[in-house]
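Me: Please take a close look at one part of this model, the place where the two chains meet. I would like one connected account, with the cut-offs stated.

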Amino acid sequence: MYFNHPIFLVTILLLLIFVNISHDGGKDLRKWLPTLSIMSTLIILINPFLVSRGTTILFYFRGKQVTVEAFMYGITMALFIAIILVIFISFNIILNGNRFLYIFSKFLPRIALMIMMAIRFVPLMKRRLDEIGDVQRLRGMSMTVGSLKTRVRSGMLRIQILLTWSLEEAVHVSNSMKARGYGSEGKKSSYTPYYMEKRDWFWLFVLASLMVVCFYGGKLGYGQMIIYPELGPWQFFQFDWVVFFCMLILTSFPLITEGREKLRWK
Amino acid sequence: MEMINVNGLSFQYPESASYALDGVNLRLKQGEFVVVGGPSGCGKSTLLHLLKREIAPHGSPSGDISYFGKSLDEWEERVLMEEIGLVLQDPENQIIMDDVMQELVFGMENLGYSPIDMRLRLAEMVHTFSVEHLLNQKTTTLSGGQKQQLNLLSALLLKPKLLLLDEPTSQLDPVAAKDLLVMLERLSKELGITVIVVEHRLEELFDKADRIVFMQEGKIAYDGKSREVIHQVFKQQDTSFLPYIPAISQMYLEMEHSPTVNQIPLNVNEGKAWLASLPAMDQMIKKENGKSTENPKPIIELKDVYYQYEKSSSMVLSKLSLSLKKGDFYAVMGGNGSGKTTLLKTCLGLLKPQRGIVKRFGRKLTNKSVNRVHQNIAYLSQQPHTFFIQDSIEKEMLLITEQHEIQDSEQQIDSLLNTFGIEHLRNRHPYDCSGGEIQKAALACMLLTKPTILLMDEPTKGLDPISKIKLQSILRRLHSEGLTILMVTHDIEFTARIATKCAMIFDGKITAEAPPHSFFKGNYFYTTSINRVTQNSQFPEVLTLEEAVHSWQERELA
């Protein structure tokens, strides 16, 4: 855990949620919301009862002390996990197939391509499975009626049909790939519509500098709060503010760029 | 200049007793547009695949294929890869990447082109065929026709001199198919690319091709210019190739007393010109034989049905009403994405409409009843092989008789296999059958339970003309035996020959419903080619070739 000051974490989380909403209106985030809230609540509730470190005792539970520090620790942990999850959701939206391939094909060209294909074939398989389901349901092999055994059996049969069908089709896929030179000798080049422009380099430099400040501050203990053995003060020192400010810009960078575009087109 | 010289080529698949190709000789000049036709399993696809070395099938070939005077094996791998392009049948299976752009450059990336080179070619290609609007889309959002165009373009980006296409339009609707063929014609005419198309749907291609090759049982049966081949086939009354010939040309050959090869019409325009040159005949008003006015019970009834796939998407069906009466052969036609398949699935109870009533056998559909009445309903999907769960057709049929406790199963199975003429496929694995065969097998299996209604989704998609005729006679027979049939299709010619009621679906509604005669005769575009020729001519307006010949003979007798 790097920054563990609750104010830092809450700010980061809020900003990231806004960033996420700016991607797709929070559609993906909403799907994760139940998991996220249940997980956070569990961590906050369970941690103080399992860990009895800390000096400020709230009450005793079955002879064990329940402390403010452990509560605080649970909260920071929950915030931390929430942040990671939200970042991951953003990552998923932003780094879709193409960009993923672009980044990873530099080190792992073949594996990256395979992953790409696997991702592309998931919806295709889904469509095929639906089609099989329709046909089989109408011939009386239902997955919703009958004993568990027959249901499982008809489910397995569907998968079997799907596999036979897909293998059959895979021959054509590989033919088409071979016909266009896949697997031929020589180096594979990469056509990419992504370029680092001057302004990209500039902003990369700015972001990197901010990052360095944050790291340096963190290393010196700024942006952090002492939890164990005794809850430290909430108060910000001068350099805390500097680190906080850097962190603020760093996390809200996507919002700033997106917002600027929005304003420009108003 | 001679580009391809196939010399005495024979080919045998492993563990197969017969030859897939048997002494094929074929010479191709540069820039030719060649169409190869023939029944399924005649070896045309094998021939095509042998021309592309990377995907040449395993087996024992003999004979020689040379490319610009040098045997294929002597050429450098890379040169052949670039110079011979390939587009396959199913558009879905050839797309590998998620983005259109990535898909287009896939081949160039594999061959290690520099980014500048790729950009240049891409820009040029995209501009020439004006597909800018596709460039930033996801491949999954494209229609079938657009996908096939994409496949063609990505093959073209390697600048091939020879383009091989294996039934490129068989999975497309007529409009998309026409677009693709126009693109091919352009490639041939403007860029001088040599094109070899293996195809079943030849009606359009006869007009475009420089040369037609018909194959049968691994041998070349006919080879020549479109008109010459048509003439020869007709002269010999070769029943295995007559169905391939455009209806207009057949009409000419049937009716003209002294046909000349050069005058054979290949398209509607030429057909009209020919008809106009004939002496006029007095119109004989054919009386429609008035059908009995009895009103059979509706089997499937849809009333004011609304359906949309997602809350935010548009209505696919809106206030649609339809009633399928007992004994109907009902064909629903309509463009891509007009909701044909949705309609079918609603009738089947697979989709539950947001509003409206769906009744089957006079009862409202519920989840339970969908699962219960499957015995009465047969559904032939676009992928008939999804029906099969056993590894042979006979086992499948036995399983069904067991499930439904059908008496004297052996006898039933035998008679059905005989009716469909697939006795020889009895022990075949469903996946080893051709498109037409598997369709028949699936139909045979479904009929074991004696359904009262058959629903079909695009039954003629990907079928060769011979299989189509067979399907037609089977369906006619089933219909006359009392089966009620509902099909959705693109195939105008097929519908005109077989349906008793046609309907057009447009804007989520059934907009026109009539027997084929009155349905098609008023239409300007959306009708058979024979009808387009005879419309507004001094001859009686007819829909199909049989009808034309029939009315002609009647007149001669009169």
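Reply: Buried area is the accessible area, taken with a 1.4 Å probe, that two parts lose on being put together, summed over both. For chain A and chain B that area is about 5,100 Å², and carbon and sulfur atoms give 54% of it. The model is predicted, so local features need pLDDT of at least 70 and side-chain atom pairs count only at pLDDT 80 or more, while totals for chains, interfaces and linings use all residues. Residues are numbered from 1 along each chain as its sequence is written, chains are lettered from A and ligands numbered from 1 in the order in which they are written, and side-chain values use heavy atoms, with hydrogens and water left out.

With contact taken as heavy atoms within 4.5 Å, chain A brings 49 residues and chain B brings 58 residues to the contact.

Next come the charged pairs. A salt bridge here is a side-chain nitrogen of Lys or Arg within 4 Å of a carboxyl oxygen of Asp or Glu. The whole structure has 32 of them over all chains, and four salt bridges lie across the interface of chain A and chain B. One salt bridge joins the side chains of A:R180 and B:E103, at 3.0 Å from N to O. Another salt bridge joins B:K345 and A:D134, at 3.2 Å from N to O. That pair crosses between chains, with B:K345 in helix α11 (residues 340-348) of chain B and A:D134 in helix α5 of chain A. Helices (H or I, at least four residues) and strands (E, at least two) are DSSP runs, numbered from the N terminus.

Polar contacts were also counted between the chains. Such a contact is a pair of N or O atoms within 3.5 Å; within protein, one must be able to donate a hydrogen and the other to accept it, and residues adjacent in sequence count only if both atoms are side-chain atoms. Between chain A and chain B there are 17 residue pairs in polar contact, both residues at pLDDT 80 or more. On the side of chain A that touches chain B, α4 (97-104), α5 (109-138) and α6 (148-179) each supply at least two residues. The largest share of that side, 15 residues, comes from α5(A). By class, the side of chain A that touches chain B has 20 nonpolar, 16 polar and 13 charged residues. In this scheme Ala, Val, Leu, Ile, Met, Phe, Trp, Tyr, Cys and Pro are nonpolar, Asp, Glu, Lys and Arg are charged, and the others, Gly among them, are polar.

The domains of chain A give some context. Domain bounds come from an automatic or database domain assignment. For chain A the assignment gives domain 1 (6-96 + 199-264) and domain 2 (106-179). The centres of these two domains, taken over C-alpha atoms, are 41 Å apart.

The C-alpha trace of chain B spans about 70 × 60 × 50 Å along its principal axes.
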